[in-house]
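Hi everyone, thanks for making time this morning. Let me put the sequence and the model up on the screen, and then we can walk through it together.

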Amino acid sequence: MTGENEVIKAILNRRSIRNYRDEEVSDEEIKKLINAGIHAPSALALQPWSFVVVKDRKLMDKVSDYAKPIVIESLKKAKTGGMTKKYLEMVGEEGFSIFYNAPHLLLILGRNDLLYSDIDCSLCAENIMLAGASLGIGTCWIGSAKTAENSPELMGELKIPDGCHIVAPIIFGYRAEEPETPARNPAEITWLK
């Protein structure tokens, strides 16, 4: 990777982190991440995102406890090979958190009334995850946290405004691991000349 520019390095070095140090990320660093996110492209420049930063670990535990039985049921119906089987075993363990004991959760919310909101918010999320990688802050998108949308009580506690939904639940904090680079399948490319 020598000779690569900083953006390419951040892309190639970004990993989903599932083990965090018990250390808070400062509000200033969190604002840097979000600022990187809001510089993502969006359809018609509508910028349909808003953010909820959760530092309350008891609330994160409550969301995790709500999501785990839903995740378990879903995984039991899926093919249980490889990673699915491993994750099913982990989710069923006593004390397991879907948030991997990360210190923080960032919810990227999209507007319900905009057609491309989910795409735009996903671009925002990727910017945030790449910015995190460049700042030494680990991140991981936790899709199963989206199940909180099925609970009006949790939606209220998470302060999700009417007219919005959770697009990208991202945990973040300082890494306590350095995962290896996973193997990548070669890109399937069709060239039309």
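Some housekeeping. This is a predicted model, where local features need pLDDT of at least 70, side-chain atom pairs count only at pLDDT 80 or more, and totals for chains, interfaces and linings use all residues. Residues are numbered from 1 along each chain as its sequence is written, and side-chain values use heavy atoms, leaving out hydrogens and water.

Now the fold. We have 6 helices and 4 strands, both being DSSP runs numbered from the N terminus (helices H or I, at least four residues; strands E, at least two). Starting at the N terminus, the order is α-α-β-α-α-β-α-β-α-β. The radius of gyration is 17 Å, close to the 16 Å from the globule rule for 193 residues, so the protein is as compact as a globular protein of that length. That radius is over C-alpha atoms, and the rule is 2.2 Å times the number of residues to the power 0.38.

Of the 193 residues, 41% are buried, meaning under 20% relative accessible area, with exposed over 50% and partly exposed in between (1.4 Å probe, protein chains only).

Finally, take a look at I119, in helix α5, residues 117-135. I119 counts as exposed because its relative accessibility is 51%. Its C-alpha lies 19 Å from that of A131, 12 residues away along the chain.
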